[in-house]
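Open the model in your viewer and keep the selection tool ready. The stops below say what to select next.

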Amino acid sequence: KENIKLEKKNKGKEKTRLKIIERIIEKSEIDLPEILIEIELDKILYNMESDITQMGLKFEDYLKHLNKTKDDLKKEFKKDAEMKAKFALVLNEIAKVEKIVADEEQVVKEIATILEHYKDADPERVRAHIENVLANEKIFQFFLIWERNPINSSEHFACRIAAPIIAGSLQHFKGLNFAKRCRIQNSAERA
């Protein structure tokens with residue numbers, strides 16, 4: 001029973017997170033470099049291949065069974081890869097704008113746990129992964145605190161997060177019209 005409750009809670013939490021990020025992505029104009037899409041496609045295919053291999057199957061046999069090539073799968077997963085790349089860019093920008101970083105003590109603890117179980121893992125890659133995961137968790141906690149405030153509509157929330165990203169935009173974000181729209185809307189909400 002506890003596991004079912006925890007699973008439902010986690011699914012709800014994940015759904016809320018996705019909804020928030022999708023809203024921010026929808027409100028942002030993102031100039032997405034093709035290399036980021038390729039990296040995400042590679043990750044998707046790597047995970048798929050790992051899952052299939054763990055089931056005792058050969059990836060090539062799996063592809064034959066589907067009557068597809070890796071390139072076919074890349075075409076199928078391109079939209080997912082684009083969304084994941086945008087997702088990563090947005091989270092990265094939010095972390096910069098809001099100055100959100102992982103807690104070093106927690107990072108060190110998690111690294112030790114992972115290296116204990118995976119002796120051959122590259123410590124630098126493990127650190128980068130852990131810092132990313134923990135920073136993202138803090139970003140989502142930030143979202144939830146913001147969202148719980150009853151005066152914040154989801155539209156206002158998306159503007160609140162996306163406008164500084166766009167206004168302080170590095171090379172990935174552009175769109176002053178959106179920032180203006182958010183300022184106008186936020187003023188209207190206060191009235």
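Rings of Phe, Tyr and Trp (its six-membered ring) count as a pair if their centres lie within 6.5 Å; planes under 30 degrees apart are called stacked, over 60 edge-to-face and the rest tilted. This structure holds 2 aromatic pairs. Select phenylalanine 59 and tyrosine 62: they form a stacked pair, 6.2 Å centre to centre with 25° between the planes. About one helical turn separates phenylalanine 59 and tyrosine 62, because they are 3 residues apart in helix H3 (residues 59–66). Helices are DSSP runs (H or I, at least four residues), numbered from the N terminus.

The model is predicted: local features need pLDDT of at least 70, side-chain atom pairs count only at pLDDT 80 or more, and totals for chains, interfaces and linings use all residues. Residues are numbered from 1 along each chain as its sequence is written, and side-chain values use heavy atoms, with hydrogens and water left out.

Next, select H2 and H4. Their axes (lines fitted to C-alpha atoms over the stretch in contact) are 7 Å apart, and the helices pack at an angle of about 115°, on a scale from 0 to 180 degrees between N-to-C directions. Contact means heavy atoms within 4.5 Å. Among the residues that meet are Leu41 and Met48 in H2, and Phe77 and Leu89 in H4.

Last, select Glu40, Lys43, Ala88, Asn132 and Asn136, the lining residues closest to the centre of the largest pocket. A pocket is an open set of points on a 1 Å grid where a 1.4 Å probe fits, with protein on both sides within 12 Å along at least five of seven lines; lining residues have an atom within 4 Å of a point. H6 gives the most to this lining, with 11 residues.

Technical notes
Helix = DSSP H or I, 4+ residues; strand = E, 2+ residues; numbered from the N terminus.
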